[in-house]
Amino acid sequence: MGSPSAELNVLESTRPWYQNGLQYVFKDALPGIEELENSVRRPSAAKAQNPRQKPSGHAQVSRSGHPTPKTPPQPQQVQPESRKQRPSFDRTPPAKPSRMPTRKESVKPNVNFPVPESWPAPWSALAGRINPRVQIFWTYAQMGQDLSGQADAERRKLFQSLIGYMGLPKGAISFWPCTSWNGSEIENKSDIFWKGVESYGVKFVASFGDKARSIIAPDAPSSSASVHINGVQILMLHDPDFLKNLPPDEQQLLCISLLRLPLF
């Protein structure tokens, strides 16, 4: 139907006829159509017969015998993205940025802990090792005896295993006794225990065994798994003398509630 540019000079009154191809049926009814199409075809045909020649690097000689000036290089046309050549395989790809996060310096919170000497034994020995990032106190009734030089090796192994099981940063867990040992029996020290909870600002306590529960939370039901006292959540767990005789996987299963605490 001819070149699309031929429609630029078509009269508006005859455009519908032209667009529907009726100019080929009623040539006489559309004056000037044939001349218009011929004028469009001529430049196209001439262009096809004389394709553009690539510029040569040597000077051409004119008919008069004199050399013609060298044609200046034409600016290179940018090819579409689909026509660009793929990079060769011998090119080294650019280095990718590392995915490893940059390590930031940990900033310790500004806390004012009591001096260790302000506590009686055995609390004074533990107070000097409490980290400013402490989050939770662990306590059990036999701790006073374990801190007196008569520590039970199986209980120590149990708590080392549970601390590794939680996977918390170093210093997040600290032991704080609710009892002391007078050489022959255990003495309850709930007042010193709660004073330490307040002084170090911990909001979570893991209490192992019914004996420890009766010391620090005497009003809590024996069947309760967790209680809140003065804004502190106390988690009730099994006695360490019971847990230490179980396989490690059963120990972790019975203490899985430790992982549910919103620490850090």
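**Figure 1. Salt bridge between R155 and D146.** R155 pairs with D146 in a salt bridge, with 2.6 Å between the closest N and O atoms. The model is predicted. Both partners, R155 and D146, are buried.

**Figure 2. Salt bridges of K244.** K244 has a salt bridge with D152, the closest N and O atoms being 3.4 Å apart. D152 sits in the loop between α4 (143–146) and α5 (153–166), and K244 in the loop between α8 (240–243) and α9 (248–254), so the pair ties together parts that are 92 residues apart in sequence. D152 is partly exposed, because its relative accessible area is 22%. K244 also forms a salt bridge with D241. Here too the closest N and O atoms are 3.4 Å apart. D241 has a relative accessible area of 27%, so D241 is partly exposed. Through shared partners, salt bridges join D146, D152, R155, D241 and K244 into one network. The structure holds 5 salt bridges.

**Figure 3. Q233 in strand β7.** Q233 belongs to strand β7, which covers residues 232–237. Is Q233 buried or exposed? Its relative accessibility is 18%, so Q233 counts as buried; the cut-off is under 20%. The side chain of Q233 makes a polar contact with the side chain of S226, at 3.1 Å. Beyond its neighbours within four places in sequence, Q233 is in contact with K203, F204, V205, S226, V227, H228 and L261.

**Figure 4. Helix α6 and its cover.** Helix α6 spans residues 190–200. Its buried residues are I192, F193, W194, G196, V197 and Y200. In an α-helix with 3.6 residues a turn, residues three or four places apart point the same way. Which elements cover the buried residues of α6? The cover includes two helices, α3 (123–127) and α7 (210–216). It also includes the strands β1 (136–140), β5 (204–208), β6 (226–229) and β7. Just after α6, G201 takes a positive phi of about 65°.

Figure 5. N230 lies in the loop between β6 and β7. Its phi is positive, about 55°, although N230 is not a glycine. N230 is exposed, because its relative accessible area is 71%. F264 is in the segment after α9. Phi of F264 is also positive, near 60°, in a residue other than glycine. With a relative accessible area of 56%, F264 is exposed.

Figure 6. The peptide bond from A121 to P122 is cis. Its omega is near 5°. P122 lies in the loop between α2 (33–49) and α3.

**Figure 7. Two buried cysteines.** C178 has 0% relative accessibility, so C178 counts as buried. C255 is buried too, with a relative accessible area of 1%. How many disulfides does the structure hold? There are 0.

**Figure 8. The whole chain, for context.** The chain has 9 helices and 7 strands. Of its 264 residues, 30% are buried. Among contacts with a separation of 6 or more, 62% come from residues 24 or more positions apart. The accessible surface of the chain is about 19,100 Å². Carbon and sulfur atoms account for 52% of that surface.

Methods:
Residues are numbered from 1 along each chain as its sequence is written. This is a predicted model: local features need pLDDT of at least 70, side-chain atom pairs count only at pLDDT 80 or more; totals for chains, interfaces and linings use all residues. Side-chain values use heavy atoms; hydrogens and water are left out. Helices (H or I, at least four residues) and strands (E, at least two) are DSSP runs, numbered from the N terminus. Buried means under 20% relative accessible area, exposed over 50%, partly exposed in between (1.4 Å probe, protein chains only). A polar contact is a pair of N or O atoms within 3.5 Å; within protein, one must be able to donate a hydrogen and the other to accept it, and residues adjacent in sequence count only if both atoms are side-chain atoms. Contact means heavy atoms within 4.5 Å. A salt bridge is a side-chain nitrogen of Lys or Arg within 4 Å of a carboxyl oxygen of Asp or Glu. Accessible areas come from the Shrake-Rupley method with a 1.4 Å probe; for residues, only the protein chains shown count as cover. A disulfide is a pair of cysteine sulfur atoms within 2.5 Å.
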